[in-house]
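Student: Can we go through this one together? I'd like to start with the annotations and then look at the fold.

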Amino acid sequence: MRKKIVAGNWKMNNDLSQTQDLLASLKTQVIPEDVSVMVGPSFTNLYQAFQSLKDHPIEVIAQNMHQSSEGAYTGEVSAPMLRSVGITTVILGHSERRAYFNENDALLAEKVNTALDNDMKVIFCFGEELDERKANNHFNIVKSQLEKGLFHISKEHWSNIVLAYEPVWAIGTGETASPEQAQEMHSFVRKTIASEYTSQIAENVSILYGGSVKPNNAAEIFGKEDVDGGLIGGAALDAQSFMAIVNGFGK
Ligand SMILES: O=C(CO)COP(=O)(O)O
């Protein structure tokens, strides 16, 4: 059975007191036993968030990390630093990192290695842009992102990988992929992994969908066979909306 996961990516939102308020609201909610729920605050609030959720089923995750474990990289945060404040899962390859911070496939491959070397789990994001979909090139783009950023890892490491398909045109736009479009891509990704690795690895990896997931569309998207949950941006900033998405997981 694949893990069902709903993760909130808070992006560059919420200062310390807003983080504390949102966590306090989330802590009053009942978390369904069969869903792994995660939240990703900014670096400055990770320590506080981890302490606040220590005895709670919600996991605190990081949004990014540097590819080196230490060194003269002014302004950066390393995997051992994240681990030292209790964080064991990191989002890598988000389209905003790719687009605004020039993170290419080769760099992401390095980051994946560093995370795995530090015993961290990775939520690996990928997805095509609008013109790539319009050109009917979305499967090639996704395959290439996976091959170059992730498919160098060994079979043993797949238990530490979660995938997140986030079509760039659906992020923050209010336009979601249709449940059918999500299913079609997730199924393609699973088949690609099966042919590159094994069908068992492909069956066991959770593939999340991200891009304008809201309480009113989550259940339908998550209801698709190969969609194992979501990576939520805007709607994760509100406790009621986020929990409605978590609870809408009607499988
Ligand atoms: O980028 C996302 C999650 O990582 C999705 O963001 P939105 O849910 O705001 O579209």
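Student: Which residues does the UniProt annotation "binding site" cover?

Tutor: Keep in mind that this is a predicted model. The annotation comes from an unreviewed UniProt entry, and it covers N9, W10, K11, G172, S212, G233 and G234.

Student: How far apart are their C-alpha atoms, and how many residues do they span in sequence?

Tutor: They span 226 residues in sequence. Yet no two of their C-alpha atoms are more than 13.9 Å apart, so they gather at one spot.

Student: Let's take G172. Where does G172 lie?

Tutor: G172 is in the loop between β6 and α8 (179-196).

Student: Is G172 buried or exposed?

Tutor: Exposed, because G172 has 12 C-beta neighbours inside 10 Å. The cut-off for exposed is 12 or fewer.

Student: And what does G172 touch?

Tutor: Leaving out residues up to four places away in sequence, G172 touches G233 and G234.

Student: Now S212. Where is that, and is S212 buried or exposed?

Tutor: S212 sits in the loop between β7 (207-210) and α10 (218-222). S212 counts as buried, because it has 21 C-beta neighbours inside 10 Å. For buried, the cut-off is 20 or more.

Student: Which residues does S212 touch?

Tutor: A170, T173, G174, E175 and T176, again not counting residues up to four places away in sequence.

Student: New topic, the sheet. What is the strand order?

Tutor: The order is β3-β2-β1-β8-β7-β6-β5-β4. It is an open sheet of eight strands, with parallel pairing.

Student: Which strands stand at the edges?

Tutor: β3 (59-60) and β4 (89-92). Each has a single partner strand, so one side of each is left without a neighbour in the sheet.

Student: How many bridges join β5 and β6?

Tutor: Five, between β5 (residues 121-126) and β6 (residues 161-165), in the parallel sense. I123 stands opposite V162 in β6.

Student: What about helices? Which strands does α5 lie across?

Tutor: α5 lies across β4 and β5, and runs at about 175° to β4.

Student: At what angle do α5 and α7 cross?

Tutor: Roughly 50°, and the axes of α5 (residues 105-117) and α7 (residues 138-149) come within 8 Å. That makes α5 oblique to α7.

Student: Which residues meet there?

Tutor: D105, A106, L108, A109 and V112 in α5 meet Q145, K148 and G149 in α7. They divide into four nonpolar, two polar and two charged.

Key:
Residues numbered from 1 in each chain as written. Predicted model: local features only at pLDDT ≥ 70, side-chain atom pairs only at ≥ 80, totals over all residues. Axes fitted to C-alpha atoms, helices over the stretch in contact; angles between N-to-C directions. Helix = DSSP H or I, 4+ residues; strand = E, 2+ residues; numbered from the N terminus. Parallel < 35°, antiparallel > 145°, perpendicular 65-115°, else oblique. Contact = placed C-beta atoms within 7 Å. Nonpolar A, V, L, I, M, F, W, Y, C, P; charged D, E, K, R; others polar. Pairing = 2+ DSSP bridges. UniProt positions renumbered as here; feature names shortened; annotations may be inferred.
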